[in-house]
Amino acid sequence: MTQKRNEHHRLYQVIATELKNRIISGIYPVGSKLPSERLVCEELKVGRSVVREAIIMLEVEGFVLARKGSGIHVIGNSSPRNLSATSPGLNFVKSGPFELLQARQLIESNIAEFAATQITKEDIVKLLEIQHNAEKGDHHRDPNWDLKFHTQIAMITRNNALTMIVKETWQQRTLNPLWKKLHEQAPEDTINNWLEEHNKIIEALINRDPKAAKLAMWQHLENTKKTLFEAANKDFETKRDHYLFSDNPVISINVNEFD
């Protein structure tokens, strides 16, 4: 099964690259539409699920835009996110969404713990400003507020390597087709819960409580995993990824310890 899964991932990436090359070369110029899924499937001899994931990959890279009832429109011939600029050793695009979440849970919970020992009044003001702007904005459709929040916590550590790791995992998350599908299915009240969970993290940081900050971040990402799993509980690939990577293999946190 692992081999089949890897072959599927390689295949949609191959199809995405083929379509991308056609866009770049002008076969499908900006302003035109891609052929229908059916025609692409017939020409390239692949299934519709493969083509759909390839389209999602092109969409998150800024090449196409899917419009309901209107087809797939070509909106750019170069990616706004230059993949070659990312570290070749941190290629998370091939990682599943729950694999990425497990990595984030391991890393960011410890970052929050460390940040609680380093935080300054200026850092607190910046976090409160990010949270205030998030509460006013359309945060369900704009993930930048979430990125700013988690990146700011990493910056509090004054460790550039930790900040770069957090930024890289977030960038690769946006390039992951399965993650994009899951996020689109997350209900809006869940996004509102994330704001409340951010407030708990901020409270722990303001109190300069490392254990509480670690727990708040860990629980925030644990809740995220559960929500996304429920949003895609009919999809085999995400189920499998969740089964393999849902547990935290290193850190054992006793929630009752902090009650």
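This is a predicted model: local features need pLDDT of at least 70, side-chain atom pairs count only at pLDDT 80 or more; totals for chains, interfaces and linings use all residues.
Lys45 is found in the loop between H2 and helix H3 (48–60). The phi of Lys45 is positive, about 55°, although the residue is not a glycine. With a relative accessible area of 71%, Lys45 counts as exposed, because that value lies over the 50% cut-off.

Arg208 sits in the loop between H9 and H10. Its relative accessible area is 43%, so Arg208 is classed as partly exposed.

The protein chain holds eleven helices and two strands. Read from the N terminus, the order of elements is α-α-α-β-β-α-α-α-α-α-α-α-α. Of the 259 residues in the protein chain, 47% are buried. The accessible surface amounts to about 13700 Å², and carbon and sulfur atoms account for 52% of it. Among contacts between residues at least 6 apart in sequence, 74% join residues at least 24 apart.

The mean pLDDT of the protein chain is 78, and 69% of its residues reach 70 or more.

Asn77 belongs to the loop between strand S2 (71–74) and helix H4 (97–118). It is partly exposed, with a relative accessible area of 42%. Leaving out residues up to four places away in sequence, Asn77 touches Ile23, Ile24, Val30 and Phe63. Lys20 is 57 residues from Asn77 along the chain, yet the C-alpha atoms of the two are separated by 7.9 Å.

The next topic is a pair of helices. Two packed helices are described by the angle between their axes and the distance between the axes. The axes of helix H5 (residues 121–136) and helix H6 (residues 144–156) come within 9 Å and cross at roughly 170°. An angle over 145 degrees counts as roughly antiparallel, so this is how H5 and H6 are placed relative to each other. On the H5 side, the residues that meet H6 are Asp123, Lys126, Leu127, Ile130, Gln131 and Ala134. On the H6 side, the partners are Trp145, Lys148, Phe149, Gln152, Ile153 and Ile156.

His198 lies in helix H9 (residues 188–206). Its relative accessible area is 0%, so His198 is buried. Beyond its neighbours within four places in sequence, His198 is in contact with Gln131, Trp145, Asp146, Phe149, His150 and His220. Gln131 is one of the H5 residues that meet H6, while Trp145 and Phe149 are among the H6 residues that meet H5. With Asp146 there is also a polar contact, side chain to side chain, at 3.1 Å.

His220, another contact of His198, has its place in helix H10. His220 is buried as well, because its relative accessible area of 3% is under the 20% cut-off. Apart from residues up to four places away in sequence, His220 touches His150, Trp194, Glu197, His198 and Ile201. His150 is thus listed among the contacts of both His198 and His220.

Helix H10 (residues 210–231) also contains Pro210. Pro210 is partly exposed, with a relative accessible area of 25%. Not counting residues up to four places away in sequence, Pro210 touches Glu113, Ala116 and Thr117. Gln118 is 92 residues from Pro210 in sequence, and the two are 9.8 Å apart in space, C-alpha to C-alpha.

Terms used: Residues are numbered from 1 along each chain as its sequence is written. Side-chain values use heavy atoms; hydrogens and water are left out. pLDDT is the predictor's confidence in each residue, from 0 to 100. Helices (H or I, at least four residues) and strands (E, at least two) are DSSP runs, numbered from the N terminus. Buried means under 20% relative accessible area, exposed over 50%, partly exposed in between (1.4 Å probe, protein chains only). Contact means heavy atoms within 4.5 Å. Accessible areas come from the Shrake-Rupley method with a 1.4 Å probe; for residues, only the protein chains shown count as cover. A polar contact is a pair of N or O atoms within 3.5 Å; within protein, one must be able to donate a hydrogen and the other to accept it, and residues adjacent in sequence count only if both atoms are side-chain atoms. Axes are lines fitted to C-alpha atoms, for helices over the stretch in contact, and angles run from 0 to 180 degrees between N-to-C directions. Angles under 35 degrees count as roughly parallel, over 145 as roughly antiparallel, 65 to 115 as roughly perpendicular and the rest as oblique.
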